[in-house]
Amino acid sequence: MNFLSSLISHQKIFKFSFLLLQYFSILIIFTSGCSSTKRFSNEENSNSIIEANYIRVLIHESIDDLIINVDSQILLSNSEKRLAKINEGNRINVSESSGMLRLSISNKDFVSDTFYISGSGDDEIIKIDSKKYRGRIKIFLFNSQIKIVNQVGLEDYVKGVITKEMPVGKGNENYEALKAFSICVRTYGLLKISENKNFFDIYNDTRDQVYGGVDGETSLTNQIVDETRGQILSYDNKPATIFYHSTCGGCTEDVKNVFSKINLPYLISIKDGTEPYCSIAPRFNWKEEYSEETFISRLCDAKLISTTVYNLKSIAVISRFESGRVNELKIKLIDNNQTEQTLTLAGNSIRNVIKTFDGKSILRSTLFDINLEEYNKVVITGKGYGHGVGLCQWGAIGQSKQGIDYRNILNHYFPGTKIIKYYD
């Protein structure tokens with residue numbers, strides 16, 4: 001049985017079992033760690049999470065001591081029972097004590113290996129530290145550090161990501177692009193679930209997808225997620241590998257040139273229209289200028305040279321990928337003794353070394369020309385923003401503005417893939 005069929009089979013089994021258990025009013029107990037649809041243990045007798053397709057989002061990590069401000073009435077539980085109802089305005093102090101968690105509220109202490117926070121209102125939204133979450137919050141120790149995970153339904157997770165990763169636009173101008181993107185977010189989340197990590201599935205930041213919980217939702221984007229509910233992108237009857245970026249600059253990149261040596265036929269370099277769809281992007285064209293001292297200091301910061309006592313002799317692009325992005329960049333330096341040193345930077349790593357002029361972020365893309373000008377000033381003129389693999393977000397928006405629907409948008413950036421309904 002292939003991966004997708006197995007997941008669908010688990011989904012059907014879950015639904016049938018749940019209806020029987022609901023009919024007989026028996027407490028639902030899941031077996032921990034068996035599959036993406038059966039990861040809850042007897043800890044569930046203290047909460048109401050019953051959705052099969054849920055995801056565990058790591059929202060805090062590497063915490064020694066923790067203070068949680070309660071912004072609405074919440075319920076506190078451990079793996080065995082409900083412990084307390086905590087009112088708005090309280091502060092929860094969490095610390096490690098002899099390998100266990102100690103949770104203090106006012107003058108009352110609780111000790112357990114794991115705690116759960118859930119909402120107590122009709123909407124069951126958790127409001128803590130000025131943020132809102134659906135599902136529930138799990139607090140536990142891992143490697144002697146306090147971790148916090150939001151366990152939330154996959155659909156609600158997608159709703160919390162859309163606006164944090166994609167421009168919503170005005171009215172319905174980005175509607176089809178957002179529908180395409182919602183399917184990408186859901187597919188990516190499903191793949192992370194399938195990895196079966198020990199205590200979380202996905203980061204809440206750019207290491208995976210930026211997640212804002214309920215605060216990331218809007219009525220428009222929630223409607224879009226509801227319209228695409230359960231839809232994922234597939235290839236060869238398996239969930240497709242998903243990459244996306246802000247602006248391709250006129251041509252996307254082959255995945256093997258950035259992330260992997262494995263060839264994926266639907267993640268190849270494609271031209272983004274005769275007139276690039278993403279030409280409307282604010283970072284379609286860009287320019288960076290560096291003094292000789294600044295440029296050399298970047299090489300030193302990256303530990304490519306041990307001192308900044310060098311001058312630039314030459315900079316040249318040695319090779320490019322088919323998309324036009326730089327594959328190899330050769331830099332020649334000369335020191336006070338007229339000794340030359342040659343450095344070669346390759347592919348997407350160039351962005352991490354050179355960075356933007358202000359040093360606050362990596363270089364926008366590798367689709368650029370570079371010149372050594374008067375007084376050894378380095379000038380880079382480029383196009384696009386991001387690694388260039390997969391869906392071009394501004395390209396999708398450009399297509400949406402031209403009336404192209406979400407299915408054709410996805411087929412454009414992931415040729416040969418299919419949209420399938422993974423669950424209802």
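The following conversation goes through a predicted model of a protein chain.

User: What sort of model is this, and how are residues numbered?
Analyst: It is a predicted model, in which local features need pLDDT of at least 70 and side-chain atom pairs count only at pLDDT 80 or more, while totals for chains, interfaces and linings use all residues. Residues are numbered from 1 along each chain as its sequence is written, and side-chain values use heavy atoms, with hydrogens and water left out.

User: How many helices and strands does the protein chain have?
Analyst: The protein chain has eight helices and 24 strands. Helices (H or I, at least four residues) and strands (E, at least two) are DSSP runs, numbered from the N terminus.

User: How much of the chain is buried?
Analyst: Of its 424 residues, 51% count as buried. Buried means under 20% relative accessible area, exposed means over 50%, and partly exposed lies in between, using a 1.4 Å probe and protein chains only.

User: What share of the contacts join residues at least 24 apart?
Analyst: The share is 64%, taken among contacts between residues at least 6 apart in sequence. Contact means heavy atoms within 4.5 Å.

User: Now the helices. How do α3 and α8 cross?
Analyst: The axes of α3 (residues 175–194) and α8 (residues 406–413) come within 8 Å and cross at roughly 60°. That angle makes α3 oblique to α8. Axes are lines fitted to C-alpha atoms, for helices over the stretch in contact, and angles run from 0 to 180 degrees between N-to-C directions. Angles under 35 degrees count as roughly parallel, over 145 as roughly antiparallel, 65 to 115 as roughly perpendicular and the rest as oblique.

User: Which hand does the crossing of α3 and α8 have, and which residues make the contact?
Analyst: The crossing is right-handed. A crossing is right-handed if the near helix is turned clockwise from the far one by less than a right angle, and left-handed if anticlockwise. On α3 the contact is made by Glu176, Ala177, Lys179, Ala180, Ile183 and Cys184, and on α8 by Tyr406, Ile409 and Leu410. By class, the contact of α3 with α8 has seven nonpolar, no polar and two charged residues. Ala, Val, Leu, Ile, Met, Phe, Trp, Tyr, Cys and Pro count as nonpolar, Asp, Glu, Lys and Arg as charged, and the others, Gly among them, as polar.

User: And how do α3 and α4 cross?
Analyst: Their axes come within 9 Å and cross at roughly 60°, and the two helices are therefore oblique to each other. α3 passes α4 in a right-handed crossing. Tyr175, Leu178, Lys179, Ser182 and Arg186 in α3 meet Leu220, Thr221, Gln223, Ile224, Val225 and Glu227 in α4. By class, the contact of α3 with α4 has five nonpolar, three polar and three charged residues.

User: Where is threonine 228, and is it buried or exposed?
Analyst: Threonine 228 is in the loop between α4 (219–227) and β14 (231–235). It counts as buried because its relative accessibility is 0%. Leaving aside residues up to four places away in sequence, threonine 228 touches Lys179, Ser182, Ile183 and Arg186.

User: Switching to sheets: what is the order of the open sheet of seven strands?
Analyst: The order is β4-β3-β8-β11-β12-β1-β13, with mixed pairing. Its edge strands, β4 (82–86) and β13 (202–203), each pair on one side only. Two strands pair if DSSP finds at least two bridges between them.

User: How many bridges join β11 and β12?
Analyst: Seven bridges join β11 (residues 136–142) to β12 (residues 145–153), and the pairing is antiparallel. Lysine 138 has valine 149 in β12 as its bridge partner. Helix α2 (residues 154–165) lies across β1 (54–63), β12 and β13, running at about 105° to β12.

User: Which residues other than glycine have a positive phi?
Analyst: Most residues other than glycine have a negative phi. Among those with a positive value is asparagine 196, with a phi of about 55°, in the loop between α3 and β13. Asparagine 196 counts as partly exposed because its relative accessibility is 38%. Another is aspartate 236, whose phi is near 55°. Aspartate 236 lies in the loop between β14 and β15 (238–239), and it counts as exposed because its relative accessibility is 62%.
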